[in-house]
Structure formats: structure tokens, C-alpha cells
Amino acid sequence: NGIKECLVAEEKAKPTPEDIVKTIEELKPKWPDNITLQCFDRKYYDSLSDENKAKLLECMNSGIQNPDSSMGCYACRPDDYETLKPFFKAALQKYHKVDLSKTKHVTNWDISKLEGVPEDLKLDVAKLGVKENLSMRVRTGRNLKKFPLPGAMTKEDRVQMEKDLQKVFDKLIADEKFGGKYVSITPGHPKFIDKKEYDALVKAHIMFKDMSADKYLLDAGIARDWPFGRGCYISEDRGFVIWVGEEDHLRIMAMAKGTLLNVVFDRLEAAIDQVESLIDGGCAKSDEFGVVTSCPTNIGTGMRASVHIKLPNLTKGGSDKNAKKILKPLGLSVRGLGGEHTPIGADGTVDISPSARFCISEAEILLALYNGIKECLAAESKA
């Protein structure tokens, strides 16, 4: 009976939608850099059905609970960008600094149509003076149409989706261009791996980190039910990886060491075509916004193309602060070797990538990385 009373009291203590709206209105003037709070419009909210009001507040929850967020909102269903378009459109314009009344996202993987590409179409950074092989990585996100996005998935959804995807991975494993294996951290899964093997894959930057410690993703619903429904496909040469159950249903990555950027780009394009063709119901895409991703920061291409490059002069003292200051105006993001909020290499190696994801094509991102490396080398020389 005591437990029964506790549950009733807990339910009564839950904030009502109106309580949440009041919280948003109190936080909004205090947190001008929180895009979720700044894009909340009371008039628009009041115009919604009760069902869509609940959906909007669900998408906003992480930014409300963590007002220090930059974006703060996550789509929870494949059609949220359409159903809640006025809110998400405002957030996309604010974050990506685009005017969607004048432009829309266009998909294009063909670099031959771009200006400034070498005649042989080879984006080889050796031509820029890079003397050693670079660690190159290109990744993108995909979400299945037939499931809610990770923020609204139940434990059962996560487990079922991983099961459904096994036939996709079986096809890749049987293909000599890929081979490899699938590993899972879902308890009871036939391909389950223990903590020791999981930690080794995380350390090798092949598997993703434990999301259950991330308060932003927990409040978004994305990190719920950890580790159920989470796993990773790894090709035989470890140069092609698919994460299952991270921020998006699938994070698809091609990696290589070398100087020719086309290698990872072309492999990723071919692999995406193959993976998408094997998925029942297909992947979620928007005519106006491109590839649908949980976080609006990734929508459009869902792509991040990066290299690890030594910049000892720009990282004197073991900090990437100066590198970020110089490279940010050039449209480049600088991270540590393990991703955001991780340390740079002891020799000054950092991870650099073009910042743009949206209203830019896949081909333009690759060219921006090539030109970005050129800018990096020039800045490093001056430093």
C-alpha cells in the first residue's frame, strides 16, 4: 500500500504542461544562447493540439532541463520536423545561420560539378605539403522510418530495431568488400561482448562511449535504457563501422589512413547506398531539410568529415584554444582526438572538420575539408 501511495504522490508531483511553459518563459530571458528556449513561441504553442503540445515539450525537454545547452532540442519522431515545422524551422535558421525562405537543402555527392576542384578530381592533401598519412574519417547519420527516433523509443523498440538490422549486417558480412562482424552490448544478444572487449573498442575509437553518463542525452530520452539496443558493425579491415542505437538509429562511418580524401568519401557513399537499399521501409528524409537526424545540428547531410592533423604551433602549451580561435572564422571545428571535450594529442594533433552540415552538399563538405586543411597549414606556418 505504501508503494501504491508513493506512485500516486509521484504522479501528482509531475509538472503540468502549463508548469513547463512557465519554466520556459522564466528561463528564456536568462539564457539567450539556448536556441530551444529562444525559439519557443507561446502563440504558436497555444495553436497546437494537446497531442502536439506534448510532442513539442518532449522535443524541448533537454534544453529546458539543461539551460546551458546550445541547441537543446531533439526530434523524437521521423515526422517531427514536419509536424512541428515552425519551431524546428526557427531553430534550424538560428543555428545554421540560413534563411529557409530563400534556400533549401540539396543532396549532391558529385565533386566534379564544384568550382575549385583539381582537374583530376583527386583531393590529395600531399599536394598541399602534408608529408605523412593522416587519419581520415567521414560519418553520417540515418534513421529508420518505421521506428520512433531514439528520444521516443521504448526499450522494446530499441531491442527490436537491433534485431531487425541483423539481416542488413549479415549481408555486409557476406560481401567480400566488407566482411567483418557485428557486436552487441545488449544483455542476452547472440553477439554480446563483455565490458573488457567493449572498453577496448571504445579506446580504439570504433565503438561509442557509455551514453548513460550524458545528462543532455538522458533528458532528451536518447540515452534511456542503456545498454539495450546498442551495438556496432565492424568491417574486416576496420575501415567501415556502423553504430546502432547512439544519437541516431545508425551512425555510418568510413575511416582510412592516407592523404587522398576521396577514398573515405567514395567508400561511405557506396556503403550508404547499399545499407539504405537493405532497410525495410527505408530511411527518414525530408524534401526540404534533407537527411532527418535527432539533433537539428546534424540535419541535412548528417555528415561530419574530419582528419587528425598535427598543429604544434597552434596548440602550444597543450591547449587547442588558439587553434579554435583562428580556425573557427574559417568554418572549421577543432576537437580533441576522442571527440568534443577530450584532450588533444601530446604532439599537437587535433581533429579538424568543416562546421557546416545543412544547406551544403556532401560534395561541398569534402571540398571544404580539403580547403580547410590548406588554411590550417597556412595558419600553422604563420604561428
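Okay, let's start inside: searching the whole structure turns up one cavity of 30 Å³ or more. By cavity I mean a set of points, on a 1 Å grid over the protein atoms alone, where a 1.4 Å probe fits but cannot get out. Before I go on, this is a predicted model, so keep in mind that local features need pLDDT of at least 70 and side-chain atom pairs count only at pLDDT 80 or more, while totals for chains, interfaces and linings use all residues. Residues are numbered from 1 along each chain as its sequence is written, and side-chain values use heavy atoms, with hydrogens and water left out.

The largest cavity has a volume of about 60 Å³, volume being the space filled by probe spheres set on the grid points, which are joined across faces, edges and corners. Who lines it, meaning has an atom within 4 Å of a point? The lining is L144, K146, D164, L165, K167, V168, L278, I279 and D280. Helix 8 gives the most, with four residues; helices here are DSSP runs of H or I, at least four residues, and strands are runs of E, at least two, numbered from the N terminus. That lining divides into five nonpolar, no polar and four charged. For those classes, Ala, Val, Leu, Ile, Met, Phe, Trp, Tyr, Cys and Pro are nonpolar, Asp, Glu, Lys and Arg are charged, and the others, Gly among them, are polar.

Now follow helix 8, residues 155-174, to helix 11, residues 262-278: their axes come within 9 Å and cross at roughly 135 degrees. Axes are lines fitted to C-alpha atoms, for helices over the stretch in contact, and angles run from 0 to 180 degrees between N-to-C directions. So these two helices are oblique to each other; under 35 degrees would be roughly parallel, over 145 roughly antiparallel, 65 to 115 roughly perpendicular, and the rest is oblique. On helix 8, V168, K171 and L172 meet Q274, V275 and L278 of helix 11, contact being heavy atoms within 4.5 Å. That set splits into four nonpolar, one polar and one charged.

Over to another pair: helix 2 (residues 17-27) and helix 5 (residues 50-65) have axes that come within 12 Å and cross at roughly 45 degrees. Helix 2 brings P17, I20, T23, I24 and L27, and helix 5 brings L57, M60 and I64. Seven of those are nonpolar, one is polar and none is charged.

Technical notes. 1 Å grid on protein atoms, 1.4 Å probe; cavity = no way out; pocket = protein on both sides within 12 Å on 5 of 7 lines; lining within 4 Å.
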